[in-house]
Amino acid sequence: MAGVTIVAATEADRPAWNELHAGFAAFYGVDQTDEMRDRVWGWIRDGQLECRLALDGSGRPIGLTHFREYIRPLMAARGGFLDDLFVAPEARGSGAAPALIRAVADIGRERGWSVIRWITRDNNYRARGLYDQLATRTDWLTYDIAL
């Protein structure tokens, strides 16, 4: 992780964030419009969603994570949900992904969260290899109702 720095995204980071977020959408095959990115950036700016960027040794953004607090009624606790994690293809293996995850975990500890939770696609083997080193895979399944 030498040379990787994690920072909160600022307005000046918007162009680089646009590129990274577009790359994330493309990775998952999601057609995304400028309006969609504007909406997500608005959530970041108004605090509904937080964003951290991984910077390489030259200060160039090479990865991002989006996360937010959620309540856990059964546990009477609060947790953090890591919505998105993306590292530019040319920067994979740089240590950016574990640095981003650890940064969110550190934030969660500071805020008293009981857990950091996220999901990934079953076939995202490279990411799952990292996640298996940093976290415990659960036996919970997710379900969606498309509305």
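In which hand, left or right, does α1 pass α2 in their crossing? The crossing is right-handed. Please keep in mind as you read that this is a predicted model.

**The α1–α2 pair**

- Helix α1 covers residues 14-27 and helix α2 covers residues 34-45, and their axes come within 11 Å of each other.
- The two axes cross at roughly 120°, which means that α1 is oblique to α2.
- On the α1 side, the contact is made by R14, W17, N18, H21 and A22. On the α2 side, R37, D38, V40, W41 and I44 take part.
- Sorted by class, the contact of α1 with α2 has 5 nonpolar, 2 polar and 3 charged residues.
- D34 also belongs to helix α2. With a relative accessible area of 56%, which is over the 50% cut-off, D34 is exposed.

**The α3–α4 pair**

- The axes of α3 and α4 come within 11 Å and cross at roughly 45°, so α3 is oblique to α4.
- The crossing of α3 and α4 is right-handed.
- From α3, the residues A97, P98, I101 and R102 meet L130, Y131 and L134 of α4.
- By class, the residues of the contact of α3 with α4 are 6 nonpolar, no polar and 1 charged.

**The nonpolar cores**

- As general background, nonpolar side chains tend to be buried together in soluble globular proteins.
- The largest nonpolar core in this model has 20 residues. Those with the most contacts inside this core are A54, L82, L85, V87, A96, I101 and Y131.
- Four elements each supply at least two residues of this core: β3 (61-72), β4 (77-87), α3 (96-111) and α4 (125-134).
- Helix α3 gives the most to this core, with 7 residues.
- Another core lies apart from the largest one and has 14 residues, among them L20, C51, F86 and A88.

**Around strand β4**

- G79 sits in strand β4. Its relative accessibility is 0%, so G79 counts as buried.
- Which residues is G79 in contact with, leaving aside its neighbours within four places in sequence? They are R68, E69, Y70, R72, W113, S114 and V115.
- G79 and D144 are 65 residues apart in sequence, and their C-alpha atoms are 21 Å apart in space.
- A76 is found in the loop between β3 and β4. A76 has a phi near 50°, a positive value in a residue other than glycine.
- A76 is exposed, because its relative accessible area is 73%.

**Two buried loop residues**

- A9 is placed in the loop between β1 (5-8) and α1. Its relative accessibility is 11%, so A9 counts as buried.
- Leaving aside neighbours within four places in sequence, A9 is in contact with W41, R45, C51 and L53.
- A9 and D34 are 25 residues apart in sequence and 18 Å apart in space, C-alpha to C-alpha. A9 and L130 are 121 residues apart along the chain, with their C-alpha atoms separated by 24 Å.
- N124 lies in the loop between β5 (116-117) and α4. At 12% relative accessibility, N124 counts as buried.
- Not counting residues up to four places away in sequence, N124 touches F27 and Y28.

- Is W140 buried or exposed? W140 counts as exposed, because its relative accessibility is 71%.
- W140 has its place in the segment after α4.
- W140 and R78 are 62 residues apart in sequence and 18 Å apart in space, C-alpha to C-alpha.

How values were computed:
Residues are numbered from 1 along each chain as its sequence is written. This is a predicted model: local features need pLDDT of at least 70, side-chain atom pairs count only at pLDDT 80 or more; totals for chains, interfaces and linings use all residues. Side-chain values use heavy atoms; hydrogens and water are left out. A nonpolar core is a set of buried Ala, Val, Leu, Ile, Met, Phe, Trp, Tyr and Cys residues joined through side-chain atoms within 4.5 Å. Buried means under 20% relative accessible area, exposed over 50%, partly exposed in between (1.4 Å probe, protein chains only). Axes are lines fitted to C-alpha atoms, for helices over the stretch in contact, and angles run from 0 to 180 degrees between N-to-C directions. Angles under 35 degrees count as roughly parallel, over 145 as roughly antiparallel, 65 to 115 as roughly perpendicular and the rest as oblique. A crossing is left-handed if the near helix is turned anticlockwise from the far one by less than a right angle, and right-handed if clockwise. Contact means heavy atoms within 4.5 Å. Ala, Val, Leu, Ile, Met, Phe, Trp, Tyr, Cys and Pro count as nonpolar, Asp, Glu, Lys and Arg as charged, and the others, Gly among them, as polar.
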